[in-house]
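Please work through the exercises below with the sequence and the structure at hand. Each task is followed by a solution in steps.

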Amino acid sequence: MENRNSLLKYKKGSNKILIGLDIGGTLAKIATVNHKDESEIEKVFESFSNMNKIQTGDYILHLLFFSTSDFETEAMTFLKKINEISEITQIHATGGGAYKYEPVIRKSLKAEFIKYDELISLVDGYIFINDYGFIYKIQNFDERIEVPSLDLEFPHITVNIGSGVSILKVCSPLQKDIQRVAGTIMGGGTLIGLSKLLIGIDDYNEIINLAQKGDYHNIDLSNEDIYGKDSKKNSSEPEIPLSSFGKVYNYVSDKKKSYKKEDIALSLLNMICLHITQIASLVAKKYKINNIYYYGNFTRSSFAISLLNKASLTWNKNLKVRFNILNGFMGSIGTLVEKNK
Ligand code: ADP
């Protein structure tokens with residue numbers, strides 16, 4: 001981080017810790033940067049098991065998240081603890097919650113509170129992180145290959161899958177060249193919401209674990225169900241169901257038929273991945289852009305990544321699709337990046 005430190009707001013002022021928040025509809029993401037010798041600050045982080053810690057040179061980047069619904073309790077307790085050790089002088093914040101929770105934060109911390117556009121912060125974050133070589137891509141289904149630093153290619157399409165989905169056309173790092181061109185209401189929030197209604201599970205990791213053991217052929221209507229075993233010659237895309245959840249209808253009269261949670265979880269996840277990737281591939285086609293980068297915490301699991309990757313290449317095998325291991329944190333990191341405008 002030494003070389004890139006000049007690109008962070010860290011050098012400004014005397015604050016011992018930089019704090020960036022991205023408070024979304026589901027998760028509140030926090031990115032912090034401090035010098036490795038700040039042992040008191042380091043101790044505060046020790047109690048978080050799900051924290052990402054990246055040390056480069058003398059600086060440490062910590063990444064952690066809380067449920068947005070717990071922001072006023074858990075996230076504020078964390079921020080107050082840090083504030084006791086080293087007075088927080090500035091809070092850099094983005095996401096809808098930067099507006100909603102501003103009064104709460106200001107009241108407790110007395111720090112300068114600076115708000116940023118969330119899509120610009122997202123792009124700033126991943127351009128900064130990309131310079132460390134954290135981007136990896138998936139070659140095949142279920143196969144992850146980490147690659148060294150990989151220059152982002154411009155123009156590209158960015159798909160951010162959070163609670164909902166934003167699709168951006170990014171022609172250069174300049175703000176004027178970053179444009180939201182599409183989106184969909186069917187995103188990570190839809191996965192959790194429908195899963196809760198259908199199988200009573202609203203924990204993202206649990207849904208993914210179930211889906212990994214599922215078989216969507218029990219739920220989705222396929223070519224084979226309509227055309228019979230010879231379906232391949234009738235279909236150009238045998239991998240894509242004809243209708244997500246479409247097979248359930250055929251069993252309406254069969255009162256005894258029940259569906260496994262695993263199969264429902266997979267059909268649901270697959271439906272959302274196919275939907276999002278189809279829109280993204282159409283946007284890419286419209287703008288004649290082949291590079292698509294996926295972000296957002298929906299891409300936290302490698303299984304979701306595998307499905308998105310597979311679905312993308314099914315729509316268009318020429319797409320260059322990439323994912324990032326720090327997926328959901330780009331907005332919070334982006335608030336900490338110093339920009340030359
Ligand atoms: P937002 O900014 O809208 O909160 P995020 O990029 O943080 O969006 O992504 C939220 C989505 O990430 C959720 O809808 C869910 O699908 C997925 N997700 C991954 N891990 C978790 C988790 N631990 N808790 C809740 N949602 C999670």
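The exercises concern a predicted model and treat a leucine first, then a group of aromatic rings.

**Exercise 1.** Determine where leucine 168 is placed, and whether leucine 168 is buried or exposed.

*Solution.*
1. Leucine 168 belongs to strand 10, which covers residues 165-170.
2. Its relative accessibility is 0%, and buried means under 20%, so leucine 168 counts as buried.
3. Beyond four places away in sequence, leucine 168 touches residues including Leu119, Leu122, Val123, Ile157 and Val181.

**Exercise 2.** Classify the ring pair of phenylalanine 48 and phenylalanine 66, and locate both residues.

*Solution.*
1. The ring centres are 5.8 Å apart, within the 6.5 Å limit for a pair.
2. The planes of phenylalanine 48 and phenylalanine 66 meet at 85°; because angles over 60 degrees count as edge-to-face, the pair is edge-to-face.
3. Phenylalanine 48 lies in the loop between helix 2 and strand 3, and phenylalanine 66 in strand 4, 18 residues apart.
4. Phenylalanine 48 is partly exposed at 21% relative accessibility, whereas phenylalanine 66 is buried at 5%.

**Exercise 3.** Classify the pair of phenylalanine 48 and phenylalanine 78, and state which aromatic cluster contains these residues.

*Solution.*
1. The pair of phenylalanine 48 and phenylalanine 78 is edge-to-face, with 5.5 Å centre to centre and 80° between the planes.
2. Phenylalanine 78 sits in helix 3, 30 residues from phenylalanine 48.
3. Phenylalanine 78 has 3% relative accessibility and therefore counts as buried.
4. One aromatic cluster is formed by Phe45, Phe48, Phe66 and Phe78.

Conventions. Residues numbered from 1 in each chain as written. Predicted model: local features only at pLDDT ≥ 70, side-chain atom pairs only at ≥ 80, totals over all residues. Heavy atoms only, no water. Helix = DSSP H or I, 4+ residues; strand = E, 2+ residues; numbered from the N terminus. Buried < 20%, exposed > 50% of the residue type's maximum accessible area, 1.4 Å probe, protein only. Contact = heavy atoms within 4.5 Å. Phe/Tyr/Trp six-rings, centres within 6.5 Å; stacked < 30°, edge-to-face > 60°.
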